[in-house]
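Please look over the sequence and the model below before reading on. The paragraphs that follow go through the fold and then through individual contacts.

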Number of protein chains: 2
Amino acid sequence: MITINYLTSIEFGSGAVQRLPQVLEELGIKRPMLVTDAGIARAGILTRICAYLSAEQSAAVFTDTPPNPTEEAVELATEFYRKHACDGLIAIGGGSPIDLAKGVALMATHDGPLSRYAGMAAMPLIGPQAVPMIAVPTTAGTGSEVGRGALICLRDGRKLVFVSQHLLPKRALCDPDLTLGMPAALTAGTGMDAFTHCVETFLSPRVNPPAEAIALDGAARAWRWLERAVTHPNDAQARWEMMMAGIHGGLAFQKGLGAVHALAHPLGALIEPMLHHGTVNAVLLPVVLRFNAGHVGDKYARLKQAFGLPADADLAAEVAALNTRIGMPSTLRELGVSANVVDRIVAGAMADHSTPTNPRPLTERDAAALFMEALGD
Amino acid sequence: MITINYLTSIEFGSGAVQRLPQVLEELGIKRPMLVTDAGIARAGILTRICAYLSAEQSAAVFTDTPPNPTEEAVELATEFYRKHACDGLIAIGGGSPIDLAKGVALMATHDGPLSRYAGMAAMPLIGPQAVPMIAVPTTAGTGSEVGRGALICLRDGRKLVFVSQHLLPKRALCDPDLTLGMPAALTAGTGMDAFTHCVETFLSPRVNPPAEAIALDGAARAWRWLERAVTHPNDAQARWEMMMAGIHGGLAFQKGLGAVHALAHPLGALIEPMLHHGTVNAVLLPVVLRFNAGHVGDKYARLKQAFGLPADADLAAEVAALNTRIGMPSTLRELGVSANVVDRIVAGAMADHSTPTNPRPLTERDAAALFMEALGD
């Protein structure tokens, strides 16, 4: 038997973010905490969005989201939420502020420590008292704006997932205009995150035909539009399509990811180097596609057809070539990763929630080999 | 700007219905009212399902659902719900018991009359106090088990839609085994309902890429498997695929239907002849596909590709040929409809909620011509 869930309410399109004051009112939020990061503040997006709020909706603004949200940051932000007597959350940014806000939604209403709620098995411990939240993505990739999960690095160094329908944003305001002009490297890295979500959920052996249909469409959409968004940062249609591809990935998550994410999660928990999740996915994807070949039925053929590639194309090589065209690195070494973290990454990957849904069963030896291959030695 | 909603929790697969007692417990329902019809009772499905309930979960059983649910039936059933002091609903059957139960969920908790809540504009009047409901479809077609809407015939003769996320079943238990052995005519009629939902939502001009992806997959699934389900009523895979296609239709509804449904709704409100909704859709679909040709961009090409048809195939003719192969009538005349209802059907179609999302704008004259062509004179 299979379980299928679709749980999100999304408002999508140019100007969607202008609906923020009305959505706050609809949700009965009077004193929102706005969770974002310094980059968003610097880019002027924060000022633009705050200007839409009415005088009565003055938000308490938290800009200290780290690149990969940590337990410490969740605690700090939760304290901020309490201090300012907030009654709701607005997350503005990429995956990091959205995931951090999910951590606050949880910890402001549930007894600690945070680690109690980690992992799929802890899902029933998270209740409807979680703080209501609105997500406003400013990148096109994470999918967290329509997902039930958050990835947070615990004190002990593990990057774990926190999942509950109660952590799902009550509303996602997806405004592709917020991504106009985004720098090429961030467009490419976040875009490859969206692409990887769609490809991995499509390949996951879990049975969920609606998610599979969404994933295939999302993968093809990212394939068609990512390069254009990178080379033409102000192309409104490319930005629209890429933000839509990000949502498709997020809606398909429930089908389960695979070895790319299983390896990317512990890599994202490293303090040094501090890695960008989507960029790591981009490097890992061709390696994992080669590993999974022969374990995916006709799915590579279906992906190639959807991408408009010839039937005899090498999918992994095509993805590697896309990486090159959009300026992604081809090895983890280029990102500053070294071989001495291999044991830690393999241990993290074997324990990761994405590992069971990789189409080819993953052994420790496989995980180590994939890591070394991606490292580029 | 566009709005996208996915709101359902579905448990799908052989034996799914056996989860009923546990789901009742999860939802805190102690005294369920079971809404079904005489056909389901006669087929023995009711007895089988009731046997799964624990001694404490004895249900009050209502079997008087009419073929097309009416305002009178909603009142009768609501009275029954109150008399038996129920605290939840289980709908077992095709679209009629599920829609009737949605009527009870509404009227047991909201002030009457029912007509107040009709139409898309009345959606905000329906609140979270609506009775929680579990849907157990016994046909593969309606999609109502994962939909927010109910179609109910009012006293004044109009068949109108009642829509709210609060009318969405809290859980859909989709067990394809319940459809094993279903007679050919019912399999074909309900299957063409699923197919039509997918085709019309795919063609709808409203922008909702995830729904469009689901609709395309569902249409192709029904195209591949419906004939097999009709000719081999005990083929478990065909039943699985068709029940999945029904869900795809229901998940895609939010994108809007078209002229087939706009005409089928007032036809379904006729007392004489009493028509089967899916069978009426089957007859109307080729006629409407011809009407919409040239107003659908590349979508007929994409449908034909997904169906494995040659690029130069005539989609309307192919659907008409499928109808013939599965024993569907080719004219409304064969179903007992006569030309003298044309004004009533046209008026109903012009006011229908599905009309604005037909890809080609529909005038009164168009609606009359489509009706007359489908009539077969």
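Is R155(B) buried, partly exposed or exposed? At 47% relative accessibility, R155(B) counts as partly exposed, where buried means under 20% relative accessible area, exposed means over 50%, and partly exposed lies in between, with a 1.4 Å probe and protein chains only. This is a predicted model, in which local features need pLDDT of at least 70 and side-chain atom pairs count only at pLDDT 80 or more, while totals for chains, interfaces and linings use all residues. Residues are numbered from 1 along each chain as its sequence is written, chains are lettered from A and ligands numbered from 1 in the order in which they are written, and side-chain values use heavy atoms, with hydrogens and water left out.

The C-alpha trace of chain A spans about 60 × 45 × 45 Å along its principal axes. The radius of gyration of chain A is 19 Å, which agrees with the value near 21 Å that a compact globule of 377 residues would have; the radius is taken over C-alpha atoms, and the globule rule is 2.2 Å times the number of residues to the power 0.38. Of the 377 residues of chain A, 62% count as buried. Among contacts in chain A between residues at least 6 apart in sequence, 80% join residues at least 24 apart, a contact being heavy atoms within 4.5 Å.

For residues 9-176 of chain A, UniProt lists "domain: Alcohol dehydrogenase iron-type/glycerol dehydrogenase GldA" in an unreviewed entry; UniProt positions are given in the numbering used here, feature names are shortened, and annotations may be inferred rather than shown by experiment. The span of residues 9-176 is 27% helix and 21% strand, and its end C-alpha atoms lie 17 Å apart.

Helix α8 of chain A, residues 236-252, has 17 residues and reaches 24 Å from its first C-alpha to its last, close to the 24 Å expected at 1.5 Å a residue, the expected span being 1.5 Å times one less than the number of residues. Because 14 of its 17 residues are buried, α8(A) is largely enclosed by the rest of the structure. At the start of α8(A), a side-chain oxygen of D235(A) comes to within 3.0 Å of the backbone nitrogen of Q237(A).

The peptide bond that joins G112(A) and P113(A) is cis, with omega about -5°, and P113(A) sits in the loop between α5 (95-107) and β6 (133-137) of chain A. In chain B, the bond from G112(B) to P113(B) is likewise cis, with omega near -5°, and P113(B) belongs to the loop between α5 (95-107) and β6 (133-137) of chain B. A85(A), although a residue other than glycine, has a positive phi near 50°; A85(A) lies in the loop between α4 (71-83) and β5 (88-93) of chain A and is exposed, with a relative accessible area of 57%. Phi of A85(B) is also positive, at about 50°, and A85(B) is exposed at 57% relative accessible area.

Over all chains the structure holds 32 salt bridges, each a side-chain nitrogen of Lys or Arg within 4 Å of a carboxyl oxygen of Asp or Glu. In one of them R171(A) pairs with E11(A), the closest N and O atoms being 2.8 Å apart. R171(A) lies in strand β9 (residues 171-174) and E11(A) in strand β2 (residues 9-12) of chain A, so the pair ties together parts that are 160 residues apart in sequence. R171(A) is buried, with a relative accessible area of 12%, and E11(A) is buried at 6%. In chain B, the side chains of E11(B) and R171(B) meet in a salt bridge of 2.8 Å, N to O, and both residues are buried.

The residue of the opening question also takes part in a salt bridge, in which the closest N and O atoms of E72(B) and R155(B) are 3.7 Å apart. This pair links distant parts of the chain, with E72(B) in helix α4 and R155(B) in the loop between β7 (149-153) and β8 (159-163) of chain B, 83 residues apart. E72(B), at 39% relative accessibility, counts as partly exposed.

Key: Helices (H or I, at least four residues) and strands (E, at least two) are DSSP runs, numbered from the N terminus. A polar contact is a pair of N or O atoms within 3.5 Å; within protein, one must be able to donate a hydrogen and the other to accept it, and residues adjacent in sequence count only if both atoms are side-chain atoms.
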